[in-house]
Amino acid sequence: MRSIRRTRTSRSVAAAAAAAAAVLTLVPATAEAAPAPTAAPAAAPAAVTAAVTASAPGGNAAILGIDYGTWQRDVAAVIDAARPAIEQRIAASPAGEKPAIVLDIDNSSLETDFHWFWTFPTPAITKVRDLTRYADERGVAIFFVTARPGIIQSLTERNLKAVGYPVSGLYVRDLPDLFEEVSAYKTGKRAEIEARGHTIIANIGNKDSDLVGGHAERTVKLPDYGGKLS
């Protein structure tokens, strides 16, 4: 009898174990159920994220049918045409002058609409970033004036710096600014920059509201395809 009971008990345990194994195959593996993935180097997550997303863009532009490669070529054409004059202006800056470049952010500095909203950091527009680095190395202040709300100011600044932009200042819309026309808000911020003693030698954006209103020697209009890009 003892032998029979032991056999039945062994069979019950085996059956329970098999049932548990079957359940585990239906439930997503936990850290205890599967080996942990190989960890990426501690210093690399931002660089890895940018590299991966840059090679596989998506987001709002893809939904709207805007081709990433075409946009890259169109942006490059605009910057390549504008850069020689900006370089000459920087070289001709008189002693004591405080030259500055002002930039919009979304689809003017960062590839915002070409990546899903959860992408961080959003990759830089390479041609634009390279121009700002060139200017920064020669003493030009780099300011960003964006319609983004103030609640994401620190996140925005962290993104810009993570992808290699020099940042002399970042202007975002606080609550009162949200009730103002974007063009008026941006014009006012450029006027503030001038009031601090800077000469804005170039203002770069992809929408008319980024550029109208003066307070810049030169405007550089990047493509927005009839307002499709934010």
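**Entry 1: one residue.** I began with Thr156, which is buried at a relative accessible area of 1% (buried means under 20% relative accessible area, exposed over 50%, partly exposed in between, using a 1.4 Å probe and protein chains only). I noted that this is a predicted model, where local features need pLDDT of at least 70, side-chain atom pairs count only at pLDDT 80 or more, and totals for chains, interfaces and linings use all residues. Residues are numbered from 1 along each chain as its sequence is written, and side-chain values use heavy atoms, with hydrogens and water left out.

I found Thr156 in helix α6, residues 153-162 (helices are DSSP runs of H or I with at least four residues, strands are runs of E with at least two, numbered from the N terminus). Leaving aside residues up to four places away in sequence, Thr156 touches Ile105, Arg148 and Leu170 (contact means heavy atoms within 4.5 Å).

**Entry 2: the rest of α6.** I looked up which residues of α6 are buried, and they are Thr156, Asn159 and Leu160. They sit on the same side of α6, because they cover an arc of only 95 degrees around the axis (the arc is that of the directions from the helix axis to the C-beta atoms). Their cover includes β2 and β3. After α6 comes Gly164, with a positive phi near 100 degrees.

**Entry 3: the sheet.** Next I traced an open sheet of 5 strands, with parallel pairing and the order β3-β2-β1-β4-β5 (two strands pair if DSSP finds at least two bridges between them). At the edges I found β3 (169-173) and β5 (219-221), each pairing on one side only. On average, neighbouring strands are turned by 20 degrees against each other, direction ignored (axes are lines fitted to C-alpha atoms, for helices over the stretch in contact, and angles run from 0 to 180 degrees between N-to-C directions). I also saw α6 packing on this sheet, where α6 touches β2 (141-149) and β3, and its direction makes about 140 degrees with that of β3.

I then checked β4 (residues 199-205), which runs parallel to β5 and is joined to β5 by 3 bridges. Ile204 stands opposite Val220 in β5.

**Entry 4: two helices.** Last, I turned to α4 (residues 68-91) and α5 (residues 126-137), whose axes come within 10 Å and cross at roughly 5 degrees. So α4 is roughly parallel to α5 (angles under 35 degrees count as roughly parallel, over 145 as roughly antiparallel, 65 to 115 as roughly perpendicular and the rest as oblique). Among the residues making the contact are Ile79 and Arg83 of α4 and Leu131 and Tyr134 of α5.
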